[in-house]
Amino acid sequence: MAYRKGKGNKRKWMFAWAFLPLLVALTLPEISDCKTHPWHLLILSQHWPQTVCLMVNETCKVPPNINYWTVHGLWPKKAQMCNNSWHFKIENVEGILSELEHWWPDVLHLNSTELWKHEWLKHGTCAAMLESLNTQEKYFSKALELYQKIDLNSALKKFDILPSKYYMIENIENALVSFYEVIPKIQCLSPTGGGSAQLLGQIEFCYTKDFQLLNCTKTAPSTFVSENGRQHATYLDLSVCNRNRQIYYPPIEHLY
């Protein structure tokens with residue numbers, strides 16, 4: 001009897017050890033894989049809704065009430081998909097949901113959840129190596145905070161950089177450098193349909209890990225495709241603006 005009891009206990013211990021990794025994974029907090037995805041600066045990306053819309057469809061219209069630059073994302077440079085199991089949950093950002101819907105909308109779809117899910121999984125899980133960004137609420141709140149501080153919409157208006165007008169890259173760049181005292185990255189959509197002017201599409205600002213502005217490089221972002229294969233926008237077509245071509249700042253055409 002003692003032998004059988006001992007053998008039974010041994011089996012119980014073997015069973016427990018076999019499932020120990022699973023138990024640990026379920027009880028430990030969600031963290032980023034920092035060692036294999038190191039990064040040293042952040043990029044706050046803002047895009048112009050009309051250009052994003054035109055990248056998908058030449059007859060695309062922007063949803064009503066959106067007539068300003070919107071948040072595209074907050075990206076750790078050269079780090080992506082640091083924790084594929086750390087899924088976005090809308091309840092984690094309920095406290096800032098109205099701000100997200102206003103300043104960080106998906107301009108191509110009525111429901112922005114897929115956009116936020118994509119941004120968190122691809123970029124937020126890597127940004128979470130910083131204590132100040134290590135939850136979904138912290139990550140999205142910080143992006144909104146930086147967006148508000150930059151106030152790109154007001155800066156462009158101050159220097160008379162307005163929709164429906166043509167500019168050279170120097171006009172926009174000099175205005176922004178004068179205002180922010182750093183060099184941002186200005187991206188355009190190449191001319192389409194036989195046009196000669198490129199379209200102003202995206203402006204990025206770079207930050208240190210303690211959120212101090214610094215000069216940006218010219219590294220282009222990757223293609224944006226959601227998890228379920230639904231294409232939101234293809235940013236592969238956006239590139240640093242050609243200095244020898246005019247830039248058209250397209251006016252927003254609303255859906256209704």
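This is a predicted model: local features need pLDDT of at least 70, side-chain atom pairs count only at pLDDT 80 or more; totals for chains, interfaces and linings use all residues.
Local features are reported where pLDDT is at least 70 and side-chain atom pairs at pLDDT 80 or more, whereas totals for chains, interfaces and linings use all residues. Residues are numbered from 1 along each chain as its sequence is written, and side-chain values use heavy atoms, with hydrogens and water left out.

The secondary structure comprises eight helices and 10 strands, taken as DSSP runs numbered from the N terminus (helices: H or I, at least four residues; strands: E, at least two). Of the 256 residues in the protein, 45% are buried, where buried denotes under 20% relative accessible area, exposed over 50% and partly exposed the range in between (1.4 Å probe, protein chains only). Among contacts with a separation of 6 or more, 76% are accounted for by residues 24 or more positions apart, a contact being heavy atoms within 4.5 Å.

Rings of Phe, Tyr and Trp (its six-membered ring) were paired if their centres lie within 6.5 Å, with planes under 30 degrees apart counted as stacked, over 60 as edge-to-face and the rest as tilted. By this rule the count comes to 15 aromatic pairs. In one of them, the rings of Trp 48 and Tyr 249 have centres 4.9 Å apart and planes at 70 degrees, so the pair is edge-to-face. This pair links distant parts of the chain, 201 residues apart, since Trp 48 lies in the loop between β1 (42-47) and α3 (49-56) and Tyr 249 in strand β10 (residues 247-249). Trp 48 is buried, with a relative accessible area of 3%, and Tyr 249 is likewise buried, with a relative accessible area of 3%.

The rings of Trp 120 and Tyr 139 are also edge-to-face, because their centres are 5.6 Å apart and their planes stand at 70 degrees. Trp 120 belongs to helix α5 (residues 113-127) and Tyr 139 to helix α6 (residues 136-150), so the pair ties together parts 19 residues apart in sequence. Helix α5 is largely enclosed by the rest of the structure, because 13 of its 15 residues are buried.

Charged groups also sit over rings, a placement that requires NZ of Lys or CZ of Arg within 6 Å of the ring centre and within 35 degrees of the ring normal. The charged end of Lys 142 sits over the ring of Phe 211, 4.3 Å from its centre, and that of Lys 209 over the ring of Trp 39, 5.1 Å from its centre.
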